[in-house]
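The following exercises are to be worked with the sequence and the model at hand. Each task is followed by a solution in steps.

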Amino acid sequence: MASQTASPLLRGFRYMQREAHERPVIYYSLWLGIIGPVLAVVVPPTREKFFGYKPAEHIPISYPLPQRSRRATVGYEDPVSENSS
């Protein structure tokens, strides 16, 4: 009775073993495809909890304006020529 229960698992293991030898590119790409999303969920909390990782500060989107009245700029005017139309 126990051999009937283990039979699908054993067939699955043998199938994966055969695929690893005959088509290793497909075999390993499937494993990476399965493990990738799992790692995306598991790694960030683990990194924060066990290794003390703190994310970097956000980059400012705009330059902070000074808290004073703005002065007009002087000295950057275009020269006025008499030949301009």
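**Exercise 1.** Determine how Y27 and W31 are placed relative to each other along helix α2, and classify the geometry of their rings.

*Solution.* In this predicted model, Y27 and W31 are four residues apart in helix α2, and therefore about one helical turn separates them. The structure holds two aromatic pairs. For Y27 and W31, the centre-to-centre distance is 6.4 Å and the planes stand at 70 degrees. Rings pair if their centres lie within 6.5 Å, and planes over 60 degrees apart count as edge-to-face; the Y27 and W31 pair is accordingly edge-to-face.

**Exercise 2.** Classify the pair formed by Y27 and Y28, and state which residues make up the aromatic cluster.

*Solution.* The ring centres of Y27 and Y28 lie 4.9 Å apart, and their planes are at 80 degrees, so this pair is edge-to-face. Y27, Y28 and W31 together form one aromatic cluster.

**Exercise 3.** Identify the nonpolar surface patch to which W31 belongs, and explain the exposure class of V43.

*Solution.* The patch consists of W31, I34, I35, L39 and V43, with about 440 Å² of accessible area together. V43 is found in helix α2, which covers residues 24-51. Buried means under 20% relative accessible area and exposed means over 50%; because V43 has 38%, V43 counts as partly exposed.

**Exercise 4.** Find the salt bridges and describe the surroundings of their residues.

*Solution.* Side chains of opposite charge can pair when their charged atoms come close. The count comes to two salt bridges.

1. R18 and E22 meet at 3.8 Å, N to O. These two residues are four apart in helix α1 (residues 2-22), which means a separation of about one helical turn. R18 is partly exposed at 40% relative accessible area.
2. E19 and R23 meet at 3.2 Å, N to O. E19 is buried at 7%, while R23 is partly exposed at 41%.
3. E19 itself lies in helix α1. Leaving aside neighbours within four places in sequence, E19 is in contact with P24 and Y27.

**Exercise 5.** Which residue lies over the face of Y53, and at what distance from the ring centre?

*Solution.* The residue is R47, placed 4.1 Å from the centre of the Y53 ring. A charge sits over a ring if, among other conditions, CZ of Arg is within 6 Å of the ring centre.

Definitions and conventions
Residues numbered from 1 in each chain as written. Heavy atoms only, no water. Patch = residues over 30% accessible without salt bridge, like charges linked within 9 Å, V, L, I, M, F, W, Y side chains within 5 Å. Areas by Shrake-Rupley, 256 points an atom, 1.4 Å probe, with all protein chains shown as cover. Salt bridge = Lys/Arg side-chain N within 4 Å of Asp/Glu carboxyl O. Buried < 20%, exposed > 50% of the residue type's maximum accessible area, 1.4 Å probe, protein only. Contact = heavy atoms within 4.5 Å. Phe/Tyr/Trp six-rings, centres within 6.5 Å; stacked < 30°, edge-to-face > 60°. Lys NZ or Arg CZ within 6 Å of the ring centre and 35° of its normal.
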